[in-house]
Amino acid sequence: MRIVYLHQYFTTPTMSGGTRSYEMARRLVARGHTVHMLTADRAAKGGGWRETVEAGIRVHWCAVPYSSHMSYRRRLWAFLEYCRLAAKRASTLDTDVILASSTPLTIALPAAYAARRQGVPMVFEVRDLWPDTPIAVGALRSRFSIAAARRLERFAYRSAAQIIALSPDMKNGVVAQGYPADRVTVIPNSSDVALFRVPLRSGYEFRRAQPWLGDRPLVVYTGALGVVNGVDYLAHLAAEVIHTDPEIRFLVVGDGRQQQKVHQSATELGVLDRNFFLWPSLPKIDMPAVLSAADIATSTVIDRPALWANSANKVFDAFAAGRPVAINHQGWLADVIHQNGCGIVLDPRDLPSAARELTAAIRDQQWLAQAGAASRRLGETVFSRDRLAGMLEQVLEDAAGFEQKRQAA
């Protein structure tokens, strides 16, 4: 099967950021499919297209600068410029099916255009419930912008032969817009257990290299520092914890538009470089050592119900590493945690209560071992990347009618 895969934020393991598209695409290649990945070279300043081969994936990079530090208007320009370039490129590549992965939601435009030009189906992957997310954080405020975003959402769904949703809650959101439930498949973010199965010494060496850490309890956050993520919650949590258990350490590794806000909050609260440490992003290949050193991994969002549908990569990396997870919201991930005993759900508003629960958990060695084992089981079974890549392959083949074509031949 020939697949044209559009994802503006495609990332390899040597880069910082989520690698879902890379991991899924390389598994499709290993299964005998041809994959063309159309993405943006976000650090480039100009020069059109360039091509590389990454783990067998034929990657087409267009020079469209992008950063989460950009204004919303500047980012919208980047989305539209990528659409213009990707639409032309995707229309020229031989393919049986086009796979478009949002966000941004604008990815549906070049995908639908190319699918119609080529006479092939489009499969649309919903990574976030747009425009619910930008509305929830105030990025879309005017009646016009919200109406336009809703119209684009309906267009994306109507143009898709099949839809992939990254969580059950996202599927519910898609179906609520009138899309047939039997054409939506839930394929959440997934766990690369092999990547995170590192020797114990990796964690020990990481700890020894940090004078502020040593053998102290460690809570980590690894991921984006955007408005949605609300990572300053952890700075406030550290400020509560420092009074009752000053030995517990918090490490935030990431980058984003709110990095300065997190730094400022930690400074004003008096926890920066005391029990709260803020590092820039690291490549994905460095993440196993960080999680190996951690006692608890965290994922946070601001207190908006619209964001509870998230399928954060960092949670599934924690499962792969066999680390307990702490989140600060309800929704399907909270259900997974409660049902499997793989972590804790912290109160987003009652910080003293959240601090007590976190402290009790991280100081309970038996609980840490049991919750970590439960996380690892989820990573090896329910959320195994290999298993979920097989589901993606089936959706693409169903959309393309690949099996019927093969039998007819």
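In this predicted model, the second largest pocket holds about 420 Å³ of space. Its lining is made up of 19 residues, of which Ser292, Ala293, Ala294, Asp295 and Arg323 are the closest to the centre of the pocket. By class, the lining of the second largest pocket comprises seven nonpolar, six polar and six charged residues. At least two lining residues come from each of the helices α8 (200–208), α11 (287–293) and α15 (365–380). The most is given by α8, which supplies five residues to the lining of this pocket.

Helix α15, one of the elements that line the second largest pocket, also packs against another helix. The axes of α12 (residues 313–321) and α15 come within 6 Å and cross at roughly 105°. Angles of 65 to 115 degrees count as roughly perpendicular, which makes α12 roughly perpendicular to α15. On the α12 side the contact is made by Ala318, Phe319, Ala320 and Ala321, and on the α15 side by Ser375, Arg376, Leu378 and Gly379. The residues of the contact of α12 with α15 fall into five nonpolar, two polar and one charged.

A further helix contact joins α1 (residues 20–30) and α16 (residues 385–400), whose axes are 10 Å apart and pack at an angle of about 70°. This angle makes α1 roughly perpendicular to α16. From α1, the residues Arg20, Glu23, Met24, Arg27 and Leu28 take part in the contact. They meet Arg385, Asp386, Leu388, Ala389, Leu392, Glu393 and Leu396 of α16. In the contact of α1 with α16, six residues are nonpolar, six are charged and none is polar.

Two aromatic rings are described as a pair by the distance of their centres and the angle of their planes. With pairing limited to ring centres within 6.5 Å, the count comes to 13 aromatic pairs. One of these is formed by phenylalanine 10 and tyrosine 22, whose ring centres lie 6.3 Å apart. The planes of the two rings stand at 45°, so the pair of phenylalanine 10 and tyrosine 22 is tilted.

Technical notes: Residues are numbered from 1 along each chain as its sequence is written. This is a predicted model: local features need pLDDT of at least 70, side-chain atom pairs count only at pLDDT 80 or more; totals for chains, interfaces and linings use all residues. Side-chain values use heavy atoms; hydrogens and water are left out. Axes are lines fitted to C-alpha atoms, for helices over the stretch in contact, and angles run from 0 to 180 degrees between N-to-C directions. Helices (H or I, at least four residues) and strands (E, at least two) are DSSP runs, numbered from the N terminus. Angles under 35 degrees count as roughly parallel, over 145 as roughly antiparallel, 65 to 115 as roughly perpendicular and the rest as oblique. Contact means heavy atoms within 4.5 Å. Ala, Val, Leu, Ile, Met, Phe, Trp, Tyr, Cys and Pro count as nonpolar, Asp, Glu, Lys and Arg as charged, and the others, Gly among them, as polar. On a 1 Å grid over the protein atoms alone, a cavity is a set of points where a 1.4 Å probe fits but cannot get out, and a pocket is an open set with protein on both sides within 12 Å along at least five of seven lines; lining residues have an atom within 4 Å of a point. Grid points are joined across faces, edges and corners, and a volume is the space filled by probe spheres set on the points. Rings of Phe, Tyr and Trp (its six-membered ring) pair if their centres lie within 6.5 Å; planes under 30 degrees apart count as stacked, over 60 as edge-to-face and the rest as tilted.
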